[in-house]
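Please examine the structure shown below.

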Amino acid sequence: MLSTVTVILFISFVKGDLVIGCVQPCICFGTSVNCTLKNLTEIPPNIPSDTTELYLNGNNLTSLVPNDLSGLTFLIVLDLSENNLESLPKGLLSSNTNLRVLDLSDNNIISLSKDLLSTTTNLNSLYLNDNNIISLPEGLLSMTTELQSLQLDNNKLVSLPEGLLSTTTKLVILFLRNNNLESLPEGLLSTTTKFQLLNISGNALKCCLMKNVIKRLTTVNFVIGTCEDFNTTTEITSFNTSDCRIPLDGGWSPWFNSSCSVTCGDGVLSKNRTCDNPTPSDGGLYCVGSETETSFCNLGKCRSESCNHSK
(Lines give C-alpha, C1' and ligand atoms only; values in the text may rest on other atoms or scores of the structure.)
Protein backbone atom coordinates (compact mmCIF):
# COMPACT_ATOMS: atom_id res chain seq x y z
CA MET A 1 0.00 0.00 0.00
CA LEU A 2 2.82 2.41 0.90
CA SER A 3 4.48 1.75 -2.46
CA THR A 4 1.22 2.51 -4.26
CA VAL A 5 0.80 5.81 -2.41
CA THR A 6 4.40 6.71 -3.12
CA VAL A 7 3.92 6.06 -6.84
CA ILE A 8 0.72 8.15 -6.91
CA LEU A 9 2.40 11.05 -5.14
CA PHE A 10 5.41 10.80 -7.44
CA ILE A 11 3.20 10.85 -10.55
CA SER A 12 1.21 13.82 -9.16
CA PHE A 13 4.41 15.67 -8.46
CA VAL A 14 5.76 15.05 -11.97
CA LYS A 15 2.46 16.17 -13.53
CA GLY A 16 2.57 19.37 -11.51
CA ASP A 17 -0.73 18.77 -9.69
CA LEU A 18 -0.09 18.12 -6.01
CA VAL A 19 2.99 19.88 -4.70
CA ILE A 20 4.90 18.12 -1.94
CA GLY A 21 6.12 20.37 0.87
CA CYS A 22 3.46 23.04 0.41
CA VAL A 23 3.30 25.75 3.05
CA GLN A 24 1.20 24.46 5.92
CA PRO A 25 -1.75 24.15 6.39
CA CYS A 26 -2.46 24.94 2.75
CA ILE A 27 -2.75 22.68 -0.28
CA CYS A 28 -0.75 23.42 -3.41
CA PHE A 29 -1.58 22.39 -6.96
CA GLY A 30 1.01 23.55 -9.43
CA THR A 31 1.41 27.26 -8.73
CA SER A 32 -1.95 27.52 -6.98
CA VAL A 33 -1.98 27.75 -3.18
CA ASN A 34 -5.30 26.99 -1.49
CA CYS A 35 -5.61 28.04 2.16
CA THR A 36 -9.42 28.13 2.24
CA LEU A 37 -11.21 27.45 5.57
CA LYS A 38 -8.07 26.82 7.62
CA ASN A 39 -8.95 29.09 10.58
CA LEU A 40 -5.98 31.28 9.73
CA THR A 41 -5.47 34.48 11.71
CA GLU A 42 -2.52 35.58 9.59
CA ILE A 43 -1.17 34.88 6.13
CA PRO A 44 1.26 31.94 6.29
CA PRO A 45 4.91 32.87 5.75
CA ASN A 46 7.07 31.33 3.04
CA ILE A 47 4.39 31.12 0.36
CA PRO A 48 6.24 29.98 -2.81
CA SER A 49 7.46 32.97 -4.80
CA ASP A 50 6.14 31.49 -8.07
CA THR A 51 2.54 31.36 -6.77
CA THR A 52 0.02 32.58 -9.35
CA GLU A 53 -3.19 31.91 -7.39
CA LEU A 54 -3.61 32.39 -3.65
CA TYR A 55 -6.90 31.52 -1.95
CA LEU A 56 -7.24 32.76 1.64
CA ASN A 57 -11.03 32.96 1.76
CA GLY A 58 -13.10 31.74 4.68
CA ASN A 59 -10.55 32.36 7.42
CA ASN A 60 -10.32 34.63 10.49
CA LEU A 61 -8.02 37.31 9.15
CA THR A 62 -8.68 40.62 10.93
CA SER A 63 -5.66 42.62 9.80
CA LEU A 64 -2.72 42.42 7.42
CA VAL A 65 0.76 43.95 7.32
CA PRO A 66 2.33 45.64 4.27
CA ASN A 67 4.84 42.84 3.54
CA ASP A 68 2.36 39.93 3.78
CA LEU A 69 2.36 39.53 0.00
CA SER A 70 5.81 40.88 -0.83
CA GLY A 71 7.80 38.83 -3.30
CA LEU A 72 4.72 37.29 -4.95
CA THR A 73 5.41 38.99 -8.25
CA PHE A 74 3.70 36.29 -10.32
CA LEU A 75 0.42 36.47 -8.41
CA ILE A 76 -2.60 36.67 -10.74
CA VAL A 77 -5.51 35.73 -8.46
CA LEU A 78 -5.85 36.81 -4.82
CA ASP A 79 -8.91 35.78 -2.83
CA LEU A 80 -9.28 37.36 0.65
CA SER A 81 -13.06 37.08 0.79
CA GLU A 82 -15.07 35.93 3.81
CA ASN A 83 -12.67 37.16 6.46
CA ASN A 84 -13.01 39.93 9.06
CA LEU A 85 -10.78 42.59 7.53
CA GLU A 86 -11.68 46.19 8.34
CA SER A 87 -8.90 47.87 6.37
CA LEU A 88 -5.90 47.12 4.18
CA PRO A 89 -2.43 48.54 4.79
CA LYS A 90 -0.79 50.89 2.32
CA GLY A 91 1.67 49.02 0.13
CA LEU A 92 0.01 45.63 0.57
CA LEU A 93 -0.13 44.99 -3.20
CA SER A 94 3.03 46.85 -4.20
CA SER A 95 4.74 43.63 -5.40
CA ASN A 96 1.70 42.17 -7.14
CA THR A 97 1.91 44.03 -10.43
CA ASN A 98 0.54 41.06 -12.42
CA LEU A 99 -2.63 40.75 -10.36
CA ARG A 100 -5.73 40.18 -12.51
CA VAL A 101 -8.40 39.20 -9.96
CA LEU A 102 -8.76 40.67 -6.46
CA ASP A 103 -11.59 39.44 -4.23
CA LEU A 104 -12.12 41.40 -1.00
CA SER A 105 -15.83 40.63 -0.68
CA ASP A 106 -17.59 39.57 2.53
CA ASN A 107 -15.34 41.41 4.95
CA ASN A 108 -15.92 44.40 7.24
CA ILE A 109 -13.94 46.92 5.22
CA ILE A 110 -14.97 50.50 6.01
CA SER A 111 -12.54 52.48 3.89
CA LEU A 112 -9.80 52.00 1.30
CA SER A 113 -6.51 53.78 0.76
CA LYS A 114 -6.26 55.90 -2.38
CA ASP A 115 -2.98 54.13 -3.23
CA LEU A 116 -4.19 50.57 -2.61
CA LEU A 117 -4.36 49.72 -6.33
CA SER A 118 -1.67 52.08 -7.60
CA THR A 119 0.56 49.20 -8.80
CA THR A 120 -2.13 46.77 -10.01
CA THR A 121 -2.23 48.13 -13.53
CA ASN A 122 -3.30 44.75 -14.98
CA LEU A 123 -6.29 44.26 -12.68
CA ASN A 124 -9.26 42.85 -14.56
CA SER A 125 -11.84 42.04 -11.86
CA LEU A 126 -12.35 43.73 -8.48
CA TYR A 127 -14.79 42.41 -5.89
CA LEU A 128 -15.58 44.79 -3.01
CA ASN A 129 -19.17 43.69 -2.41
CA ASP A 130 -20.62 42.87 1.01
CA ASN A 131 -18.51 45.22 3.10
CA ASN A 132 -19.23 48.42 5.08
CA ILE A 133 -17.67 50.90 2.68
CA ILE A 134 -19.18 54.38 3.06
CA SER A 135 -17.13 56.22 0.44
CA LEU A 136 -14.40 55.59 -2.12
CA PRO A 137 -11.34 57.83 -2.40
CA GLU A 138 -10.84 59.93 -5.50
CA GLY A 139 -8.25 58.25 -7.70
CA LEU A 140 -8.74 54.73 -6.31
CA LEU A 141 -9.01 53.26 -9.83
CA SER A 142 -6.79 55.73 -11.65
CA MET A 143 -4.17 53.09 -12.51
CA THR A 144 -6.51 50.16 -13.20
CA THR A 145 -6.86 50.83 -16.89
CA GLU A 146 -7.56 47.15 -17.70
CA LEU A 147 -10.48 46.81 -15.28
CA GLN A 148 -13.53 45.12 -16.81
CA SER A 149 -15.66 44.11 -13.81
CA LEU A 150 -16.30 46.11 -10.61
CA GLN A 151 -18.62 44.84 -7.89
CA LEU A 152 -19.67 47.16 -5.04
CA ASP A 153 -22.98 45.58 -4.02
CA ASN A 154 -24.20 45.59 -0.42
CA ASN A 155 -22.11 48.38 1.02
CA LYS A 156 -23.08 51.71 2.61
CA LEU A 157 -22.03 54.04 -0.19
CA VAL A 158 -23.79 57.41 -0.10
CA SER A 159 -21.95 58.89 -3.10
CA LEU A 160 -19.33 58.11 -5.73
CA PRO A 161 -16.37 60.28 -6.77
CA GLU A 162 -16.97 62.16 -10.00
CA GLY A 163 -13.86 60.69 -11.64
CA LEU A 164 -14.16 57.16 -10.25
CA LEU A 165 -14.19 55.51 -13.70
CA SER A 166 -12.35 58.18 -15.66
CA THR A 167 -9.50 55.82 -16.67
CA THR A 168 -11.39 52.51 -16.76
CA THR A 169 -12.28 52.75 -20.42
CA LYS A 170 -12.60 48.96 -20.78
CA LEU A 171 -15.14 48.49 -17.99
CA VAL A 172 -17.96 46.12 -18.98
CA ILE A 173 -19.80 45.36 -15.73
CA LEU A 174 -20.62 47.57 -12.72
CA PHE A 175 -22.69 46.37 -9.76
CA LEU A 176 -23.89 48.93 -7.19
CA ARG A 177 -26.88 47.12 -5.72
CA ASN A 178 -28.13 47.81 -2.20
CA ASN A 179 -26.24 50.93 -1.21
CA ASN A 180 -27.46 54.34 0.00
CA LEU A 181 -27.03 56.23 -3.25
CA GLU A 182 -29.45 59.01 -4.20
CA SER A 183 -27.65 59.95 -7.39
CA LEU A 184 -24.76 59.03 -9.65
CA PRO A 185 -22.01 61.41 -10.81
CA GLU A 186 -22.83 63.01 -14.14
CA GLY A 187 -19.58 61.85 -15.71
CA LEU A 188 -19.62 58.32 -14.26
CA LEU A 189 -19.90 56.53 -17.62
CA SER A 190 -18.54 59.23 -19.91
CA THR A 191 -15.25 57.47 -20.72
CA THR A 192 -16.33 53.82 -20.80
CA THR A 193 -16.60 52.60 -24.38
CA LYS A 194 -17.43 48.90 -23.85
CA PHE A 195 -19.94 49.13 -21.01
CA GLN A 196 -22.62 46.41 -21.09
CA LEU A 197 -24.25 45.91 -17.67
CA LEU A 198 -25.15 48.28 -14.82
CA ASN A 199 -27.08 47.08 -11.77
CA ILE A 200 -28.09 49.90 -9.40
CA SER A 201 -31.17 48.31 -7.86
CA GLY A 202 -31.83 48.63 -4.14
CA ASN A 203 -30.80 52.30 -3.89
CA ALA A 204 -32.94 55.37 -3.14
CA LEU A 205 -32.10 57.07 -6.42
CA LYS A 206 -33.84 60.38 -7.22
CA CYS A 207 -34.61 60.54 -10.92
CA CYS A 208 -34.24 64.28 -11.39
CA LEU A 209 -30.95 64.42 -9.48
CA MET A 210 -29.40 62.21 -12.14
CA LYS A 211 -31.17 63.61 -15.17
CA ASN A 212 -28.04 63.77 -17.33
CA VAL A 213 -26.86 60.31 -16.22
CA ILE A 214 -30.18 58.77 -17.30
CA LYS A 215 -29.69 60.19 -20.79
CA ARG A 216 -26.31 58.44 -21.07
CA LEU A 217 -27.76 55.08 -19.95
CA THR A 218 -29.33 54.66 -23.37
CA THR A 219 -25.93 53.44 -24.59
CA VAL A 220 -25.78 50.61 -22.02
CA ASN A 221 -27.23 47.26 -23.10
CA PHE A 222 -28.58 46.18 -19.71
CA VAL A 223 -29.55 48.56 -16.90
CA ILE A 224 -31.23 47.21 -13.78
CA GLY A 225 -32.70 49.57 -11.19
CA THR A 226 -35.38 52.12 -10.38
CA CYS A 227 -35.53 55.75 -9.36
CA GLU A 228 -38.18 57.82 -7.60
CA ASP A 229 -39.66 61.23 -8.21
CA PHE A 230 -43.14 62.81 -8.05
CA ASN A 231 -44.07 60.05 -5.52
CA THR A 232 -43.66 57.45 -8.24
CA THR A 233 -41.07 54.69 -8.63
CA THR A 234 -40.01 54.13 -12.23
CA GLU A 235 -37.64 51.82 -14.08
CA ILE A 236 -34.68 54.09 -14.50
CA THR A 237 -34.45 53.65 -18.26
CA SER A 238 -38.17 54.50 -18.65
CA PHE A 239 -38.10 57.79 -16.77
CA ASN A 240 -38.94 60.85 -18.86
CA THR A 241 -36.32 63.42 -17.93
CA SER A 242 -38.36 66.21 -19.53
CA ASP A 243 -40.72 65.96 -16.54
CA CYS A 244 -38.00 67.17 -14.18
CA ARG A 245 -38.37 70.63 -12.72
CA ILE A 246 -35.32 71.30 -10.65
CA PRO A 247 -35.62 74.48 -8.51
CA LEU A 248 -33.12 77.16 -9.47
CA ASP A 249 -32.29 79.73 -6.80
CA GLY A 250 -31.77 83.32 -7.85
CA GLY A 251 -28.47 85.18 -7.74
CA TRP A 252 -27.59 88.87 -7.51
CA SER A 253 -26.24 90.86 -10.43
CA PRO A 254 -23.22 93.15 -9.88
CA TRP A 255 -24.00 96.53 -8.30
CA PHE A 256 -24.78 99.28 -10.81
CA ASN A 257 -25.95 102.94 -11.12
CA SER A 258 -23.65 104.04 -8.33
CA SER A 259 -23.76 107.86 -8.07
CA CYS A 260 -23.50 110.54 -5.43
CA SER A 261 -26.55 112.73 -4.84
CA VAL A 262 -24.47 115.93 -5.12
CA THR A 263 -21.79 117.33 -7.39
CA CYS A 264 -19.81 118.74 -4.48
CA GLY A 265 -19.76 118.55 -0.72
CA ASP A 266 -21.49 115.88 1.33
CA GLY A 267 -24.17 113.66 -0.23
CA VAL A 268 -25.61 110.19 -0.35
CA LEU A 269 -24.31 107.42 -2.61
CA SER A 270 -26.88 104.89 -3.83
CA LYS A 271 -26.31 101.65 -5.74
CA ASN A 272 -28.65 98.95 -6.97
CA ARG A 273 -28.65 95.34 -8.05
CA THR A 274 -31.19 92.87 -9.44
CA CYS A 275 -31.97 89.23 -8.72
CA ASP A 276 -31.41 87.96 -12.26
CA ASN A 277 -28.03 86.24 -12.19
CA PRO A 278 -29.78 83.83 -12.57
CA THR A 279 -33.46 84.62 -12.18
CA PRO A 280 -35.14 82.17 -9.78
CA SER A 281 -37.27 79.56 -11.52
CA ASP A 282 -39.26 76.37 -10.88
CA GLY A 283 -39.80 77.26 -7.24
CA GLY A 284 -36.26 78.40 -6.56
CA LEU A 285 -35.55 80.93 -3.80
CA TYR A 286 -35.37 84.68 -4.36
CA CYS A 287 -32.09 86.39 -3.53
CA VAL A 288 -31.41 87.16 0.13
CA GLY A 289 -30.58 90.77 0.94
CA SER A 290 -31.47 94.27 -0.25
CA GLU A 291 -31.71 95.50 -3.84
CA THR A 292 -30.45 98.96 -2.82
CA GLU A 293 -27.69 100.18 -0.55
CA THR A 294 -26.84 103.76 0.46
CA SER A 295 -23.79 105.38 2.01
CA PHE A 296 -22.38 108.87 2.58
CA CYS A 297 -20.16 110.46 -0.03
CA ASN A 298 -18.11 113.66 -0.31
CA LEU A 299 -17.10 115.24 -3.60
CA GLY A 300 -14.98 118.00 -2.16
CA LYS A 301 -15.57 121.57 -1.08
CA CYS A 302 -18.03 123.52 -3.19
CA ARG A 303 -16.79 126.67 -4.91
CA SER A 304 -19.99 128.61 -4.13
CA GLU A 305 -22.15 128.70 -1.04
CA SER A 306 -24.72 126.34 -2.49
CA CYS A 307 -24.01 122.92 -3.97
CA ASN A 308 -25.38 121.87 -7.27
CA HIS A 309 -27.44 118.76 -6.61
CA SER A 310 -27.36 116.04 -9.26
CA LYS A 311 -30.58 115.45 -11.11
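In this predicted model, D115 is partly exposed, because its relative accessible area is 33%. The side chain of D115 meets that of K90 in a salt bridge, with 3.6 Å from N to O. K90 lies in the loop between β4 (77-79) and β5 (101-103), whereas D115 belongs to the loop between β5 and β6, so the pair ties together parts that are 25 residues apart in sequence. K90 has a relative accessible area of 58% and is therefore exposed.

The whole structure contains 3 salt bridges. Another of them joins K170 to E146, whose closest N and O atoms are 2.9 Å apart. This pair links distant parts of the chain, 24 residues apart: K170 is in the loop between β7 and β8 (173-175), and E146 is in the loop between β6 and β7. K170 is partly exposed at a relative accessible area of 29%, and E146 is partly exposed at 29%.

A salt bridge also forms between the side chains of R177 and D153, at 2.7 Å from N to O. R177 is in the loop between β8 and β9 (197-199) and D153 in the loop between β7 and β8, so this contact ties together parts 24 residues apart in sequence. R177 is partly exposed, at 31% relative accessibility. D153, in contrast, counts as buried because its relative accessibility is 2%, and buried means under 20%.

Conventions. Residues numbered from 1 in each chain as written. Predicted model: local features only at pLDDT ≥ 70, side-chain atom pairs only at ≥ 80, totals over all residues. Heavy atoms only, no water. Salt bridge = Lys/Arg side-chain N within 4 Å of Asp/Glu carboxyl O. Helix = DSSP H or I, 4+ residues; strand = E, 2+ residues; numbered from the N terminus. Buried < 20%, exposed > 50% of the residue type's maximum accessible area, 1.4 Å probe, protein only.
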